[in-house]
Amino acid sequence: MSSKVREIVESHGSNPSNLIPILQDVQTNDGYLSENALAEIAGLMDVSESTIYGVATFYTQFKFVKPGEHEIRICQGTACHVRGAESLLDFFKTNLGIQPGETTKDGRFSLERVACLGCCALAPVMVIDGEVYGHLTTAKAEKILTEYKEGKR
Amino acid sequence: MSDFESLRQKARSKYEELRTGQKPVIYLGAASCGKAAGIASIGGKIKEILGELGIESKLVEVGCVGMCCYEPMIYIQKDGKAPICYGNLTTKVVPELIKDFLVDGDPRTDLALGAFDGPQTEGVPRLFDHPMLKPQVRVVLRNCGVIDPTDIDHYLANDGYVALQKVLAMTPEEVIEEVKSAGMRGRGGAGFSTGMKWEFCAKASGSPKYMICNADEGDPGAFMNRSLLEGDPHAVLEGLVIAAYAIGASKGYVYARAEYPLAIKHLNIALGQMREINLIGENILGSDFSLEVIVKEGAGAFVCGEETALMASIMGERGMPRPRPPFPATHGLWGKPTTINNVETLGTVATIIREGKDWFSHFGTEKSKGTKTFSLVGKVQRTGLIEVTLGTTLQEIIYEIGGGILDGKKAKAIQTGGPSGGCIPASQFDLNVDYESLTQAGTIMGSGGLIVMDEETCIVDIAHYFLTFTKEESCGKCTPCRIGTHRMLDILHKIKTGKAEMKDLEKLHEIAWTVKNGSLCGLGQTVPNPIYTTMKYFEDEYHEHVEDRKCRALVCKDLIRYHIDAERCIGCGICAGKCPVDAISGEKKQTHVIEESLCIKCGICFHSCPPKARAVEKIDAEVGQDG
């Protein structure tokens with residue numbers, strides 16, 4: 001049993017209204033919500049595992065697969081869409097050989113679609129490890145990805 | 001003098017000193033968009049240069065003034081004169097600018113966008129005379145990009161919490177009456193009277209009561225609430241405390257999107273500062289009104305913008321809506337009376353109280369009073385966050401503020417109201433932007449996203465895009481929305497890929513009707529809006545996709561192909577090198593060819609072809625195929 005999960009649950013208290021902040025903190029700590037962590041939260045909060053799983057899977061923020069070393073999030077907002085976000089996503093899918101929600105076999109990159117980052121004036125936009133890149137084209141994205149691959153970023 | 005008055009006095013002199021002091025001040029536009037545009041490296045460069053030059057200067061991070069297309073932006077204030085704003089900066093230009101202005105006294109008018117209000121510098125135009133800002137009226141955004149959002153003194157020095165003080169000397173009924181007669185309508189979408197909403201909750205029996213600020217700005221393409229929370233969080237929180245007083249709430253929540261970390265950070269800083277000087281907590285400013293406020297982070301669910309779903313989420317459940325009535329005003333959080341207002345609604349409240357209902361209601365039209373913020377994005381020259389009086393035409397917004405369509409292209413439509421809204425064709429750009437006119441045109445005001453589309457935007461693709469979004473976000477509770485969104489998307493997919501027949505269009509209309517009339521909540525009931533409006537205004541484009549298998553905007557992949565123009569190709573080989581599926585062949589310095597059967601239409605060749613050649617082109621899939 002991980003002491004960290006216990007610590008997080010205790011810091012919030014086991015009132016059911018604290019479930020989402022607890023899941024958020026566990027994900028911040030572990031990078032995702034593992035089966036073990038979910039079971040542990042259920043035990044500590046005295047709620048069934050299925051209830052916890054039901055809540056967690058409802059929200060897109062929560063991940064159930066270990067993310068890659070670099071997390072690539074492609075914005076799919078309307079402004080990004082009309083400025084070419086779809087070809088951008090296609091480029092990453094082809095280049096990395098994974099679908100959104102997956103991690104490359106070597107564990108280096110994971111790919112995600114995100115509804116809207118609110119940086120619409122810079123569309124199309126993507127975020128890699130919290131760093132925002134705007135005004136992208138597939139050519140620009142390719143250059144950035146290569147730099148990550150070569151460990152220059 | 002009361003303790004609070006002396007705090008305000010101190011704040012005023014501190015702010016005055018910053019604004020008129022002799023020591024230079026450099027303001028950094030550090031909202032999310034500024035950060036995304038690279039303000040951190042600009043700031044780093046500035047610090048480096050100041051150190052090298054031995055100049056002592058204060059650096060202040062401010063929010064977004066709304067001119068997002070000019071990010072990264074800084075303002076420099078020298079000799080107590082009004083700060084001068086510089087945009088589109090690079091780490092190359094910045095050292096030059098700092099040295100020229102701060103050492104040699106040259107304000108570099110060639111780089112300046114304009115100066116803020118205050119003592120002016122010769123040769124520099126006023127910032128608020130800039131074509132992007134001149135047609136705007138800044139009521140909600142008055143402090144955004146001007147003050148340091150993490151310093152409550154800046155807000156206090158700019159009439160902050162004057163309205164709250166005034167309210168605490170009024171009865172809740174008087175506060176409600178003031179907001180009601182100002183004609184304030186909710187800025188979250190539906191446009192319901194804010195005063196009446198408060199009245200229902202104030203009159204409801206049950207205790208405690210809850211006040212919620214809905215900061216779950218989920219519409220893709222909209223960022224007004226983010227900018228306001230990042231740039232002036234106290235304005236929203238002052239409105240929240242006033243609303244809580246009016247309805248008699250003892251606990252307040254701000255339900256904010258987790259995708260907005262900076263807004264959440266600024267909200268929490270602001271709440272800490274308010275607690276310290278008793279603007280929240282027990283017996284606020286010596287009155288017998290007490291209120292605690294906390295920030296709840298959403299976890300990514302569009303449907304949580306719906307009131308009952310939002311409340312389920314605060315209570316730690318799946319964010320699914322429930323039928324109304326009973327309304328939240330009587331049965332809200334944990335079954336208690338609750339009011340939910342949008343960020344901008346609350347951001348407007350303090351101004352109404354401070355300046356009076358008559359001042360507020362002289363802006364706008366007969367039924368839509370005041371101003372409204374919009375995020376103006378898409379294929380428009382000047383993108384950004386704007387605020388105009390209700391009743392302004394789309395024409396003025398797109399061509400005067402936005403400076404027209406990008407790259408001299410032709411406008412096709414504008415999309416308002418996010419996934420619940422619709423597309424208005426360019427032929428109707430003389431439409432007034434107010435609640436009634438937009439509803440009449442088949443769309444909604446929504447929270448304020450305005451996405452401009454040009455002739456290179458495919459209207460079927462846009463409908464497909466919104467349906468993809470709402471299909472993902474449908475919570476699944478009611479059948480019309482859960483199944484309907486899937487079936488409508490299936491048909492749109494058929495149209496987009498050239499596999500549809502005319503009877504599919506009829507079927508699409510039929511399902512849209514069922515979803516609109518049979519769904520449980522606002523999400524499902526408005527899902528068909530993008531389909532209705534695009535089919536109504538762009539019927540010919542739908543027909544072209546179905547009958548001619550043609551996408552005139554050259555967007556729908558299955559209906560186009562990429563082709564290399566033999567005469568323009570310079571044989572540089574860049575496209576062949578970048579093609580992820582090795583579909584391009586050709587010798588160096590010889591014309592290259594795309595092997596159609598291998599091509600996945602990713603468009604990398606199109607974007608990487610050197611501008612001097614522009615040999616890769618997108619063409620209609622049928623063109624040149626049969627001979």
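A charge sits over an aromatic ring when NZ of Lys or CZ of Arg is within 6 Å of the ring centre and within 35 degrees of the ring normal. The structure is a predicted model, in which local features need pLDDT of at least 70 and side-chain atom pairs count only at pLDDT 80 or more, while totals for chains, interfaces and linings use all residues. Residues are numbered from 1 along each chain as its sequence is written, chains are lettered from A and ligands numbered from 1 in the order in which they are written, and side-chain values use heavy atoms, with hydrogens and water left out.

**Charges over aromatic faces in chain B.** B:Arg257 is placed over the face of B:Tyr260, and the distance to the ring centre is 5.0 Å.

**An aromatic cluster in chain B.** One aromatic cluster is made up of B:Tyr27, B:Tyr75, B:Phe116 and B:Phe128.

**The enclosed strand β14 of chain B.** Strand β14(B) covers residues 449–454, and because six of its six residues are buried, the strand is largely enclosed by the rest of the structure. Helices (H or I, at least four residues) and strands (E, at least two) are DSSP runs numbered from the N terminus. In a regular strand the side chains alternate between the two faces of the sheet. In β14(B), B:Gly449, B:Ile451 and B:Met453 point one way, B:Leu450, B:Val452 and B:Asp454 point the other way, and all are buried.

**Strand partners of β14(B).** Strand β10 (residues 371–378) of chain B pairs with β14(B) in the parallel sense over four bridges (pairing requires at least two DSSP bridges). Within β14(B), B:Leu450 stands opposite B:Leu376. Strand β12 (residues 411–416) of chain B runs antiparallel to β14(B) and is joined to it by five bridges. B:Gln415 has B:Ile451 of β14(B) as its bridge partner.

**The two domains of chain A.** Chain A is divided into domain 1 (3–58) and domain 2 (70–149), with bounds from an automatic or database domain assignment. The centres of domain 1 and domain 2 of chain A, taken over C-alpha atoms, are separated by 29 Å. Along the principal axes, the C-alpha atoms of chain A fill a box of roughly 50 × 30 × 25 Å. Chain A has seven helices and four strands, which follow the pattern α-α-α-α-β-α-α-β-β-β-α along the sequence. Of the 153 residues of chain A, 52% are counted as buried.

**Cis peptide bonds in chains A and B.** The bond from A:Ala123 to A:Pro124 is cis, with omega near -5°. A:Pro124 is located in the loop between β2 (109–114) and β3 (126–128) of chain A. In chain B, the bond from B:Arg324 to B:Pro325 is cis, with omega near 0°. The loop that holds B:Pro325 runs between α12 (307–314) and β9 of chain B.

**Positive phi in two aspartates of chain A.** Most residues other than glycine have a negative phi, and most peptide bonds are trans. A:Asp46 has a positive phi, near 60°, and belongs to the loop between α3 (35–45) and α4 (49–58) of chain A. With 73% relative accessibility, A:Asp46 counts as exposed. A:Asp129 also has a positive phi, near 50°, and is placed in the loop between β3 and β4 (131–133) of chain A. At 40% relative accessibility, A:Asp129 counts as partly exposed.

Terms used:
Buried < 20%, exposed > 50% of the residue type's maximum accessible area, 1.4 Å probe, protein only. Phe/Tyr/Trp six-rings, centres within 6.5 Å; stacked < 30°, edge-to-face > 60°.
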